[in-house]
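Take a look at the structure below. This report walks through its pockets, its sheet and one of its helices.

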Amino acid sequence: MPLQNDTLIRALLRQPTAYTPTWIMRQAGRYLPEYNATRKRAGSFLGLAKNPDFATEVTLQPLERFQLDAAILFSDILTVPDAMGLGLYFAEGEGPKFERPLRDARAIRSLAVPDMEKELGYVMAAVRQIRRALHGRVPLIGFSGSPFTLACYMVEGGGSEDFRLIKTMLYQQPELLHHLLAVNAKSVCAYLNAQIEAGAQVVMIFDTWGGVLSSAAYDEFSLRYLHAVLQDVKREHAGQRIPSIVFTKGGGLWLERIAAAGCDAVGVDWTLDLGEARRRVGNGVALQGNLDPNVLFADPVVIRREVERTLAAFGSGSGHVFNLGHGVSQYTSPEHLQVLVESVRELSPQYHENQ
Ligand code: CP3
């Protein structure tokens, strides 16, 4: 099925487009009443994510409301460690947790790359089903956590405020962490390639916690493994280029290094000015971002003004994918997100004239 709207793919490859394409991190989530209704029917978040019918339904929900230029697979980055046997669960109001976090060398040394069709078949089934349901309307983005961000959850056993356990391992037993990261990199690569074979048309790697590292540790423990993953991820499938996006939250200081990791686009958070970011990366990669998600709590006039500021900061020409600098908050009004999406459509064509 040929893509009816390939604006996202073109922007990621820095080819001319008529306007700036938009999608929103966490576009299918708790800020949408229809998501909450489906989640209730499924019983839980994992009940949604592990059932391809429900996953397809919620993936399409934001596309029914907003003129978005991409769908993103409804799943989670923590499906991979779950498939490695750590036992993912969600304690009400506490976020993700693992029943069996990695707390000693024996647990880490016995980890293996999960079997993609056996252990993660429900994800591939969802990808195939979402592609069928999309009928080529917009591309489908597949995703994974980065090797380091997955390791954070695997070692801490859930979210963390100080990353004390993984950082202790990083400084005290670096070879052990390197072993874990090497297994994660192989798993992430196999996971992304399986999603591409099932029908994902873009892939994104979420390095949500890379930004908590020192500059030297970021190179050694996160970037090196992003590089390894990108080297082995398919760049083409069924005759189509599969663009890749890397997002290190808090990675602004290391933008040039991230841009050189082998991805087509770099996701940036709101701490950067997009124009400066563009000058720093030159013509090597596209940029995705970077409106502060909290802008959506302000009035429509403010949202529109901040959208305009973001578009103007990037400036004229292709290579910008509009997004937030991190996921949309559950407290956001869908009407305000609508203002964002409409503002980008209305204000961005002027930045794409004469190309
Ligand atoms: O973007 C999308 O719409 C696609 C779906 C998606 C989810 N998680 C669904 C989800 C994606 C791409 C993710 C990635 C993810 N998951 C990341 C990286 C991106 C980021 O936000 O930095 C991380 C760190 C996770 C781990 C995770 N999963 C956390 C910390 C939480 C709890 C946070 C929260 O909002 O409660 C989840 C659960 C989760 N994953 C939800 C959704 C919609 C909320 C679950 C619910 O319905 O209760």
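In this predicted model, helix α11 gives the most to the lining of the second largest pocket, with three residues. Strand β7 (240–241) is another element that supplies at least two residues there. The pocket has a volume of about 340 Å³. Its lining counts 18 residues, and the closest to the centre are Leu-3, Gln-201, His-237, Gln-240 and Arg-241. By type, the lining residues divide into 10 nonpolar, four polar and four charged.

Now turn to the largest pocket. Its volume is about 1,400 Å³. The lining holds 42 residues. Nearest the centre lie Arg-26, Arg-30, Asp-76, Phe-90 and Pro-96. Which elements each supply at least two residues of this lining? They are α2 (33–42), α3 (45–49), β2 (88–91), β3 (95–98) and α9. The lining divides into 21 nonpolar, 14 polar and seven charged residues.

The structure holds four cavities of 30 Å³ or more. The largest cavity has a volume of about 50 Å³. Leu-230, Val-233, Lys-234, Arg-235, Ile-242, Ser-244, Gly-262 and Asp-264 line the largest cavity.

| Space | Volume | Lining residues by type |
|---|---|---|
| Largest pocket | about 1,400 Å³ | 21 nonpolar, 14 polar, seven charged |
| Second largest pocket | about 340 Å³ | 10 nonpolar, four polar, four charged |
| Largest cavity | about 50 Å³ | three nonpolar, two polar, three charged |

Next comes the sheet. Seven strands form an open sheet with parallel pairing. Their order is β1-β4-β5-β8-β9-β10-β11. The edge strands, β1 (71–72) and β11 (320–324), each pair on one side only. Strands of a sheet pair through backbone hydrogen bonds, either parallel or antiparallel.

β5 (residues 202–207) pairs with β8 (residues 244–248) in the parallel sense, over five bridges. Strand β4 (residues 140–145) also pairs with β5 in the parallel sense, again over five bridges. Individual residues show how the strands line up. Ile-205 stands opposite Val-246 in β8, and Ile-205 is also the bridge partner of Ser-144. Phe-206 stands opposite Phe-247 in β8.

Is β5 enclosed or open to the outside? Six of its six residues are buried, so β5 is largely enclosed by the rest of the structure. In a regular strand the side chains alternate between the two faces of the sheet. In β5, Val-202, Met-204 and Phe-206 point one way. Val-203, Ile-205 and Asp-207 point the other way. Both sets are buried.

Finally, consider helix α10. It spans residues 164–172, and Ile-166, Met-169 and Leu-170 are buried in it. Why do these buried residues line one face of the helix? Seen down the axis of α10, they fall within an arc of 100°, so they line one face. An α-helix has 3.6 residues a turn, so residues three or four places apart point the same way.

That buried side has several neighbours. The buried residues of α10 pack against α6 (105–109), α9 (147–156), α11 (174–198) and α12 (215–232). What does the face turned away from the buried side carry? There sit the exposed residues Arg-164, Tyr-171 and Gln-172.

Technical notes
Residues are numbered from 1 along each chain as its sequence is written. This is a predicted model: local features need pLDDT of at least 70, side-chain atom pairs count only at pLDDT 80 or more; totals for chains, interfaces and linings use all residues. Side-chain values use heavy atoms; hydrogens and water are left out. Buried means under 20% relative accessible area, exposed over 50%, partly exposed in between (1.4 Å probe, protein chains only). Helices (H or I, at least four residues) and strands (E, at least two) are DSSP runs, numbered from the N terminus. The arc is that of the directions from the helix axis to the C-beta atoms. Contact means heavy atoms within 4.5 Å. On a 1 Å grid over the protein atoms alone, a cavity is a set of points where a 1.4 Å probe fits but cannot get out, and a pocket is an open set with protein on both sides within 12 Å along at least five of seven lines; lining residues have an atom within 4 Å of a point. Grid points are joined across faces, edges and corners, and a volume is the space filled by probe spheres set on the points. Ala, Val, Leu, Ile, Met, Phe, Trp, Tyr, Cys and Pro count as nonpolar, Asp, Glu, Lys and Arg as charged, and the others, Gly among them, as polar. Two strands pair if DSSP finds at least two bridges between them.
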